[in-house]
Amino acid sequence: MTVLTVAWRYLQGRRVASALTVLSIALGVSLVIATTLLTGGLRAGFIEGTTDYGLVVGAKSSPTQLVLNVVFRMDTPTPNISMDIYRDLKDDPLVEVAVPVAMGDAFQGFRYVATTNTYFEAFPWRRRTVTVAAGRLFREDSAAQPAYEAVLGAEAARRTGLHVGDRFYEGEEMAAYPLTVVGVLSATASADDRAIFFSLPSFWEMNEVSRGMDVKPLTAVLVRPKRISDLPALHRRLNVSAETQAVFPSAVLLSVFNVLGIVEEGLAVILAIVAIVVLLYLFVSMYSATFERRREIATMRALGARRATILSIVLLESAALAVVGGVAGIVGGHGAAYVGAGLLAARGGPQTHPFAVGTLQPLTLVAVVVLGALAGLLPALLAYRTEVAENLAPLS
Amino acid sequence: MRRCRRPCGWRGATGLAAALAALYVATLAHGQEIPRLTFAQLGDAIRANQTVTQEIKSYAGKEVEIHGFIIPAGPPDLSFFLLGRVSAVGNYCCELPSGQDETVYVYAARGMTIRYDPLRVYKVRGAFEAGPVADKAYGVSFFRLRNARVEEAVGARIFKLGDAPPTGR
């Protein structure tokens with residue numbers, strides 16, 4: 001009978017205790033994996049989904065609200081700015097591209113984004129190319145004859161079940177202005193996947209207030225300068241103005257990451273405590289098992305088993321529990337991250353990758369096995385030092 | 001063993017002192033190896049015909065250090081950003097940065113992790129490039145740092161009342 005077989009028999013001998021130990025290790029590891037995947041994924045999702053435009057120009061308000069709403073379609077829109085600001089920026093010699101954006105209501109939770117076709121244009125500096133998967137882009141209509149044509153992001157189309165040619169509206173107020181789907185975009189792994197795009201004239205006509213306005217409103221203007229080195233000057237000029245604020249999207253995200261970093265530090269402390277509790281549980285489990293087996297160990301020793309063999313049996317048993325718990329925890333962690341990512345996406349959060357595999361998984365498994373073996377070291381030493389004569393004495 | 005204790009202790013202390021001295025000298029030498037350029041030097045180096053002086057060109061390809069404010073004009077992983085003489089946010093204390101002669105294009109080394117603070121001066125070290133170059137994504141620049149590493153610049157220079165403040169630093 002090999003050392004491995006003895007260790008396996010020992011584990012089988014206390015199935016319930018072994019299963020509970022494996023479960024506690026698996027839960028602890030799941031928590032570590034899911035938390036790491038979700039926090040890392042959140043950060044990566046924001047980086048992947050951000051805009052390539054250097055500045056977001058909007059009304060004086062919270063810069064975070066402006067970027068989260070205009071770029072990530074989260075939070076509520078900031079107050080309006082006038083269309084004149086867009087015209088001035090479009091004609092500015094420092095500016096290469098200016099794109100007007102007006103944020104509206106939503107259809108089944110997917111935000112209306114009114115803009116021009118420039119929003120979808122490919123430029124050398126754009127990381128993502130927006131392509132039409134079905135149909136076409138909306139027509140650049142006039143205020144006199146709004147076309148009410150809509151282009152759906154990939155996820156918006158999939159989740160609403162709308163197809164090219166379908167007409168839709170939400171709320172009785174909008175019944176007089178149904179939108180017609182003329183196109184569906186291919187997936188971009190950004191908030192554009194969850195948006196419904198249409199033209200600004202259609203937006204203004206659908207909106208009771210803007211319908212009567214001479215100078216039409218916008219939520220923001222996305223700006224790309226000809227030279228990135230001109231960004232600070234543009235940024236300063238637009239911020240000194242009493243009407244507008246200009247925001248670097250990356251600066252807002254980096255501030256969000258700073259807050260996320262504090263949360264991650266707090267989570268790391270909690271996860272460390274969880275790891276200690278799990279290790280203590282494994283230690284107590286192995287210790288009590290070894291204590292109960294003193295007579296068996298003494299018998300094995302009397303039959304010729306060496307101390308080193310006894311030590312390795314207990315260590316092997318502890319490591320086996322850690323391996324099974326670790327693997328189950330990694331699988332469970334990915335499952336929990338998948339559920340978390342789904343909840344996050346349903347609430348309009350950035351896309352995360354719950355099945356991303358990297359160095360995290362092998363490192364976690366190695367750490368769990370090493371710590372598991374360490375937790376079993378003291379019980380193993382107890383077994384190693386078991387005296388034959390003392391423990392084979394009659395129980396009475 | 002007992003006889004050896006005293007000489008061994010002395011030997012240990014001497015060794016430690018020598019190691020500390022070597023570390024100090026190495027730090028000094030390391031600090032002296034990397035020249036520091038200021039925005040004043042960079043601004044003065046640009047000539048009317050869109051060229052830069054030979055003096056500033058002599059740093060090209062070498063590792064240099066520039067202190068400034070991070071302007072996150074690129075992606076939020078800070079793989080690219082502008083380094084400016086003044087902060088892009090704040091209470092507008094200073095003149096506007098006027099373009100490419102007042103900013104350095106920084107292409108950071110991979111895996112950079114810093115806590116971004118728009119009002120903090122950072123120490124950026126990287127391979128220096130001078131002269132106008134048009135980047136497909138970011139447009140024309142005069143000065144660039146490639147494969148750059150960023151640290152928070154700590155220990156602002158303190159000078160006594162009556163002393164002349166350090167120029168350009």
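A charge is said to sit over a ring if NZ of Lys or CZ of Arg is within 6 Å of the ring centre and within 35 degrees of the ring normal. In this predicted model, the charged end of A:Arg293 meets that criterion over the ring of A:Tyr10, at 3.7 Å from its centre. In chain B, the charged end of B:Arg146 sits over the ring of B:Tyr107, 4.2 Å from its centre.

Because the model is predicted, local features need pLDDT of at least 70 and side-chain atom pairs count only at pLDDT 80 or more, while totals for chains, interfaces and linings use all residues. Residues are numbered from 1 along each chain as its sequence is written, chains are lettered from A and ligands numbered from 1 in the order in which they are written, and side-chain values use heavy atoms, with hydrogens and water left out.

**Overall form of chain A**

Chain A has 14 helices and 12 strands; helices (H or I, at least four residues) and strands (E, at least two) are DSSP runs numbered from the N terminus. Its C-alpha trace spans about 105 × 45 × 35 Å along the principal axes. The radius of gyration of chain A is 31 Å, whereas a compact globule of 396 residues would have one near 21 Å; the radius is taken over C-alpha atoms, and the globule rule is 2.2 Å times the number of residues to the power 0.38. Buried residues account for 51% of the 396 residues in chain A, where buried means under 20% relative accessible area, exposed over 50% and partly exposed in between (1.4 Å probe, protein chains only).

**Strand β11**

Six of the six residues of strand β11 (residues 220-225) of chain A are buried, so this strand is largely enclosed by the rest of the structure. In a regular strand the side chains alternate between the two faces of the sheet. On one side of β11(A), A:Ala220, A:Leu222 and A:Arg224 are buried, and on the other A:Val221, A:Val223 and A:Pro225 are buried. Strands pair if DSSP finds at least two bridges between them. Strand β1 (residues 55-59) of chain A pairs with β11(A) in the antiparallel sense over four bridges, with A:Val57 opposite A:Val221. Strand β3(A) also runs antiparallel to β11(A), joined by six bridges, and A:Ala98 stands opposite A:Val223.

**Aromatic pairs**

The structure holds 20 aromatic pairs over all chains. Rings of Phe, Tyr and Trp (its six-membered ring) pair if their centres lie within 6.5 Å; planes under 30 degrees apart count as stacked, over 60 as edge-to-face and the rest as tilted.

| Pair | Centre to centre | Angle between planes |
|---|---|---|
| A:Phe107 and A:Phe168 | 4.7 Å | 55° |
| A:Tyr119 and A:Phe197 | 5.3 Å | 45° |

A:Phe107 lies in strand β3 (residues 95-107) of chain A and A:Phe168 in strand β7 (residues 167-168) of chain A, so their pair ties together parts that are 61 residues apart in sequence. A:Phe107 counts as buried at 8% relative accessibility, and A:Phe168 counts as buried at 3%.

A:Tyr119 belongs to the loop between β4 (110-115) and β5 (132-135) of chain A and A:Phe197 to strand β9 (residues 195-199) of chain A, so this pair ties together parts that are 78 residues apart in sequence. Both A:Tyr119 and A:Phe197 are buried.
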